[in-house]
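Please study the sequence and the structure shown below, and then work through the exercises in order.

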Amino acid sequence: EIEILKPLGMESSSFEYRDLSLFATPYDEELNPLPHYKFEAKAAGGLNSTVEDLAKFGIAGMEGPNGELPGRNVLNPESIELMYTGIIDAGDDFGYQWKYGLGHFITEIDGVKIVQHSGGHIGWRSMLVIVPQLKEGIVILINSSAGNPLWANILTRWSRVILKK
């Protein structure tokens with residue numbers, strides 16, 4: 001937290017469970033409320049965050065409006081470029097060939113690089129997508145295990161707008 005979250009201004013994000021009354025109620029596939037499961041993992045699935053903080057994380061991977069370098073002095077621009085470079089074939093999804101980089105899935109649409117990271121566990125779904133070349137991004141947080149069709153629909157509509165398709 002001290003090395004990445006705090007320097008990026010992600011003050012509402014933590015790998016520790018804080019006040020559970022601030023959390024939305026999670027739901028299963030049938031929209032039944034679920035208890036707040038505590039994840040012991042501190043990496044995959046263990047970050048508690050907000051839309052605003054995840055947006056800060058996405059923004060840090062792009063050039064800033066005043067010429068700030070990607071990485072915002074937390075990572076160097078070369079590390080960001082490496083993170084956003086597809087290395088391993090990850091298959092075909094939504095009609096596009098995806099590759100996996102360092103923690104991100106990457107594809108290109110008409111020469112424009114799309115970088116995404118999704119997450120979730122029982123009762124939760126999340127999606128962060130950035131388009132560094134266009135300085136665009138979107139964060140979607142859903143408190144339901146049934147959220148995948150919703151974020152897919154939102155991303156499809158959003159991508160048509162930013163890619164002018």
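The model is predicted: local features need pLDDT of at least 70, side-chain atom pairs count only at pLDDT 80 or more, and totals for chains, interfaces and linings use all residues. Residues are numbered from 1 along each chain as its sequence is written, and side-chain values use heavy atoms, with hydrogens and water left out.

**Exercise 1.** Determine which residues of the largest nonpolar core touch the most other members.

*Solution.* Begin with the term: a nonpolar core is a set of buried Ala, Val, Leu, Ile, Met, Phe, Trp, Tyr and Cys residues joined through side-chain atoms within 4.5 Å. Buried means under 20% relative accessible area, exposed over 50%, and partly exposed in between (1.4 Å probe, protein chains only). Of the 16 residues in this core, I114, V129, I140, W151, L155 and W158 touch the most other members. Next, consider the elements (DSSP runs numbered from the N terminus: helices, H or I, of at least four residues; strands, E, of at least two). Two or more residues come from each of β4 (112-121), β5 (124-131), β6 (136-142) and α3 (148-162). The largest share, five residues, belongs to α3.

**Exercise 2.** Identify the contacts of L155, leaving aside neighbours within four places in sequence.

*Solution.* Contact means heavy atoms within 4.5 Å. By this criterion, L155 meets M127, V129, I138 and I140.

**Exercise 3.** Is H121 buried or exposed?

*Solution.* First, locate H121 in strand β4. Its relative accessibility is 19%, so H121 counts as buried. Finally, leaving aside neighbours within four places in sequence, H121 is in contact with F39, G45 and S145.
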